[in-house]
Amino acid sequence: MAFVSVLLYVILFVLVFIASPKGAIQIFSGGIGIVPKLLEYVIESVVTYYILIYHVLLPLMRKERKFVQTIKYWSILFAAKTLINYFLFEFKDYSAASLSNENSMYWFFLSMLIYFIQNIFVSLFAALIIEWIRKGKTQIILEKQMVEAELKALKHQINPHFLFNSLSFIYSKVYKSDKETAESVLILANIMRYALGNNVGSDSKLSIMDEVAHLKNVIEFYQRRYNYSLNIKYEEQIDDQSITTIPLMLITLVENAFKHGDLKDPNMPLTIKLKTKKNYLSFFIQNKKGKGIKELSNGIGLHNIEQQLNLVYGKHAALLIKNEESIYNISLMITY
């Protein structure tokens, strides 16, 4: 940024000099000489660029700050720079450059305005490059994690065709004699098919409706496994079915409750609440602590979910964990 500052300083000096040689010399020498004034300019520019890039433009691009707030910061920064330069310029010990002269005042404020505008454009260009690099790195990390997860899953997977053929064979054999068991086998087949990620889109996400269907299948499978003795309170309000999620995100949170929770107490049931509306998803799950039922774990884990949420949604996602003596609950909120 120092090199850019020097280059722009020279260009600005030439432009002002063409319009008014006397005014250019007065403004750009500042009573202390061209070189010291240039050094002062470079330091001031670097500080200005840093503030504009990291505290104004990048937060705006990442939607961490509203446009009106950004304009406010710009205005405050411009006013501060103008006042500082005004007093530095006015109280230098040289009469020729005094801003009491109306023409000098005009060229001073014109140069400050031009200077600040070029600060904004240079900062915008730099911020775009920084954000592009950041998103590129984030995408690479996310893709690497997904590949590692897929390789890890493949190491533990039975050939899917063999698995589904076997489940279909078992289903057809037991359907006539035991329909309930046959339906359980069919639910298990759907669970396994979903876990293989056949419904994942090109953006590595899937429909919330697919995740909900899988979630219900898992709940139903556990209930059948334990003769519907588990106390589960499930609520959903899907106002926006176009919402997409990270695969197996919600079901991992549910599986943790099955693994570590006590679902036998009717006074403290496993509570699951899912809600979506336009550009928003919320998920809440709470269970009584216990030894739990250790079944059907996909091995993703909370830590992995937190990493994926951070990479995919950044500050637009919040995962809040409350771990009390007898109660464990998790709240997930995502804005799109």
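**Exercise 1.** Over the ring of which residue does the charged end of Lys277 sit?

*Solution.* In this predicted model, the charged end of Lys277 sits over the ring of Tyr280, at 5.2 Å from the ring centre. A charge counts as sitting over a ring if, besides meeting an angle limit, it is within 6 Å of the ring centre. Another case is Arg225, which lies over the face of Tyr226 at 4.7 Å from the ring centre.

**Exercise 2.** Work out whether the span of helix α9 agrees with its number of residues.

*Solution.* Begin with the 12 residues of α9, which are residues 249–260. At 1.5 Å a residue the helix should span 16 Å, and because its end C-alpha atoms are 17 Å apart, the two values agree.

**Exercise 3.** Classify the ring pair of Tyr222 and Phe258, and then that of Tyr313 and Tyr336.

*Solution.* The whole structure holds 3 aromatic pairs. For Tyr222 and Phe258, the ring centres are 4.0 Å apart and the planes stand at 15°, so this pair is stacked. It links Tyr222 in helix α8 with Phe258 in helix α9, 36 residues apart, and both Tyr222 and Phe258 are buried.

For Tyr313 and Tyr336, the centres are 5.6 Å apart and the planes are at 85°, so the pair is edge-to-face. Because Tyr313 lies in the loop between α10 and β7 while Tyr336 lies in the segment after β8, the pair ties together parts that are 23 residues apart in sequence. Tyr313, at 8% relative accessibility, counts as buried, whereas Tyr336, at 34%, counts as partly exposed.

How values were computed:
Residues are numbered from 1 along each chain as its sequence is written. This is a predicted model: local features need pLDDT of at least 70, side-chain atom pairs count only at pLDDT 80 or more; totals for chains, interfaces and linings use all residues. Side-chain values use heavy atoms; hydrogens and water are left out. Helices (H or I, at least four residues) and strands (E, at least two) are DSSP runs, numbered from the N terminus. The expected span of a helix is 1.5 Å times one less than its number of residues. Rings of Phe, Tyr and Trp (its six-membered ring) pair if their centres lie within 6.5 Å; planes under 30 degrees apart count as stacked, over 60 as edge-to-face and the rest as tilted. Buried means under 20% relative accessible area, exposed over 50%, partly exposed in between (1.4 Å probe, protein chains only). A charge sits over a ring if NZ of Lys or CZ of Arg is within 6 Å of the ring centre and within 35 degrees of the ring normal.
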